[in-house]
Amino acid sequence: MAEARILNVAEALREATDVAMEHDPRIFVMGEGVSDPKAIFGTTAGLAERYGAARVMEMPIAENGFTGVAIGAAIMGRRPLIVHQRVDFALLSLEQLFNNAAKTCYVTGGHHTVPLVVRMIVGRGWGQGPAHSQSLEPLFAMIPGLKVVMPTTAREAKGQLIAALEDPNPVIMIEHRWVHYATGHVPAGRYTVPLDGPRRVREGGDVTIVATSYMLLEALRAAETLEKAGISADVIDMAVLRPFAPEPIVDSVRRTGRLLFIDTGFRQFGIGAEVVATVVEQAFGSLVTPPVRLGLPEHPTPSSRALLTDFYPTALSIIDAAAALTGIEPARIAAPRAALAAELAKLPVDVPHPTFRGPF
Amino acid sequence: MTTSRAGADLPDLYRAMRRIRMIEEAVAVRYAEQEMRCPVHLSIGQEAVAVGVCAGMRPDDQLVSTHRCHAHYLAKNGDLKAMLAEIYGKAAGCCGGRGGSMHLTDSTAGVLLSLPIVASSIPIAVGAALAIRQEGRDAVAATFMGDGSIEEGVFHESMNFAALMRLPVLFILENNLYSCYTGLKDRQPRRPFVDLARGYGMPAEAADGNDVEAVREAARRAIARARAGDGPTLLVFDTYRWREHCGPNYDNDIGYRTEAEFLDWKERCPVEQAHRRLVAAGRHDEAAEAAMTAAIQAEINEAFAFAKTAPFPSPETARSHVYG
């Protein structure tokens, strides 16, 4: 057996782009900073040197314009990959994405397709503030014609990005900045992870915990602690938001009777709203207790870490919600919860990783 | 058979304009039947820009148009039956009834897309030009833009990018003086439109938008530059929308413009100008006119009959092709 290749998500995304570009000369990268020294947190590092400026194209600060350019080129059979350092900048391109990327295949009865991939990064911590840390995936997930994915593990990030670059449809890939630090085994070479729906990442029978992106890592941490208290969580990665394929979640809830959804974005009108509504519609009779959603509160993201104390769901708030859902004695969870809390307290709330030194 | 009118003489240009005028007038007349149930933005009065520009374009040259796309589509040899069937919402429409009058497309003719959101089409044409560059071909792309579209930010973004990359694209500013019911003077400062191009270091040329030969010559120079790798051009053509912004009627009585202004522009009708020029040169006469219009009318009648009798798409197909 080959030695495990351990990469973080940022490295996996870089490798995916490299592998796909080598395989398909029609693929080219566009974005603000894709060939600069920082190379989008390293995710495009070395690509400009390897493939040249014609295939790794530095862009003017014109998100809607160059998104339209990418769509026009994609309709003509090219395969653009756009990268936005922050989701918040992509807001300027919604007209092109919603009206043209998402609808051209439909309007032309399948005659034209728009093989476009747009990576958007959600910021968090180090004072990113209200317009550099928005998790806006519901905006994109509500539009038929777009595919929307949120990779969390390194293996999945690479496979999803290669699959997206080979897909005939516009794919929005939303990456949480803190997910970039997550490491895992990544196979070498070309492989794909299908863009088809959520997947179970941990088996359990007491409660179904579904999470998007970075919140999956918090949920997995929570699940380990819950296990120590005798609660086994079925943890599902909401890796693909659209096409929406709720079957694995509905099936899980039919077994566990309990649903806890953790949104990386806002709780209200978040992805969890759609998931909970669907589970209630399809598995109402299996629910032994009302579903619970965690997510961001109803205010913008403040900059100061002092104001962020209770802003994001954490493994601890997930443990508390799961404990309440399953109705276990607080005493049973107290010791493992305290141990985790002590562990988490070692890292400040606004820093993703021990190696992180700012500025973004 | 080539579909380009690159070598086209005035008779061909005149016929193309007359045909578009007759088609649009037929749409206007039949609109009252309440069977064309989608918004229509008629091109009547603006035929010279469409025909003059497309005269120099080949089928592999890509055109991207706007909500007011009928003349552009027809001038580029878009299929008439597919256009009318689309307006009637039929399965045989160029979009199978999914787009309507504002989404005309015909790949065979090089009508890449028409898009109804103002200025949304501009970067699409720039992207088509980028694809052409990446494929190493000598084709060009062209985007028709109304005067309102240059008020949108994406016009600037597209001009900047096309100039930066020296892409083979024509920005065709078709100034008809009105954005819906708001006049140009209420929306933009007075300055020559060609000056806009200077800000991007891009060549520009203005010509009488109601003189099809002047349009053709300006477009021909821009297309030659683009094919030679010398980059984009802004072309500016003043013209006039005869009818209401959307719909089949005249609207000189509702207060935003005057009958006198309309009559002044009507005097400069692009179709009649070309007709007079041909007659004066002894190249056209009443008999030839009658024969030509009879042939066009027969084509129009047949196309309307086709569109009206063509079957609607079946309801269950509404869900197909969301993804490719």
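Modeller: Let's start inside chain B: B:Val64 sits opposite B:Thr143, a residue of strand 3 of chain B. Keep in mind that this is a predicted model.

Colleague: Okay, and how do strand 1 and strand 3 of chain B run, parallel or antiparallel?

Modeller: Parallel, with three bridges between strand 1 (residues 62–65) and strand 3 (residues 141–146) of chain B. Strand 1 of chain B is also joined to strand 2 of chain B by three bridges, again parallel. There, B:Leu63 has B:Val111 in strand 2 as its bridge partner.

Colleague: Are the faces of strand 1 of chain B covered or open?

Modeller: Both are covered. B:Gln62 and B:Val64 are buried on one side, and B:Leu63 and B:Ser65 are buried on the other.

Colleague: Switching to the interface. How many residues of chain B are in contact with chain A?

Modeller: 32 residues of chain B, touching 32 residues of chain A. On the chain B side, strand 2 (111–114), helix 5 (121–135) and helix 6 (153–165) each give two or more residues.

Colleague: Which element gives the largest share?

Modeller: Helix 5 of chain B, with nine residues. As for make-up, the chain B side has 17 nonpolar residues, 13 polar ones and two charged ones.

Colleague: You mentioned helix 6 of chain B. What covers its buried residues?

Modeller: The cover includes helix 3 (63–75) of chain A, plus helix 5, strand 3 and strand 4 (169–175) of chain B. Among the buried residues of helix 6 are B:Phe155, B:Met159 and B:Phe161.

Colleague: And what should the span of helix 6 of chain B be?

Modeller: It has 13 residues, so at 1.5 Å a residue it should span 18 Å, and the end C-alpha atoms are 19 Å apart, which agrees.

Colleague: What about A:Ser213?

Modeller: Its phi is positive too, near 50 degrees. A:Ser213 is in the loop between strand 10 (207–211) and helix 9 (214–228) of chain A, and with 27 other C-beta atoms within 10 Å, it is buried.

Colleague: Which residues does the cis peptide bond join?

Modeller: A:Arg242 and A:Pro243, with omega about 0 degrees. A:Pro243 is in the loop between strand 12 (240–242) and helix 10 (247–256) of chain A.

Colleague: Staying in chain A, how many residues of strand 7 are buried?

Modeller: Six of its six, residues 171–176. Strand 7 of chain A pairs in the parallel sense with strand 5 (residues 117–122) over six bridges, where A:Ile121 stands opposite A:Glu175. Three bridges also join strand 7 to strand 6 (residues 147–149) of chain A, running parallel, and A:Lys147 has A:Val171 as its bridge partner.

Colleague: How does the chain get from strand 6 to strand 7 of chain A?

Modeller: Through helix 8 (residues 154–166) of chain A, in a right-handed β-α-β crossover.

Colleague: Last one: what feature does UniProt place on chain B?

Modeller: The unreviewed UniProt entry gives "domain: Dehydrogenase E1 component" at residues 16–316 of chain B. Over that stretch the chain is 44% helix and 12% strand.

Note on methods. Residues numbered from 1 in each chain as written. Chains lettered and ligands numbered in written order. Predicted model: local features only at pLDDT ≥ 70, side-chain atom pairs only at ≥ 80, totals over all residues. Contact = placed C-beta atoms within 7 Å. Helix = DSSP H or I, 4+ residues; strand = E, 2+ residues; numbered from the N terminus. Nonpolar A, V, L, I, M, F, W, Y, C, P; charged D, E, K, R; others polar. Buried ≥ 20, exposed ≤ 12 C-beta atoms within 10 Å, placed from the backbone. Pairing = 2+ DSSP bridges. Right-handed = clockwise from strand over helix to strand, strands pointing away. Expected span 1.5 Å × (residues − 1). UniProt positions renumbered as here; feature names shortened; annotations may be inferred.
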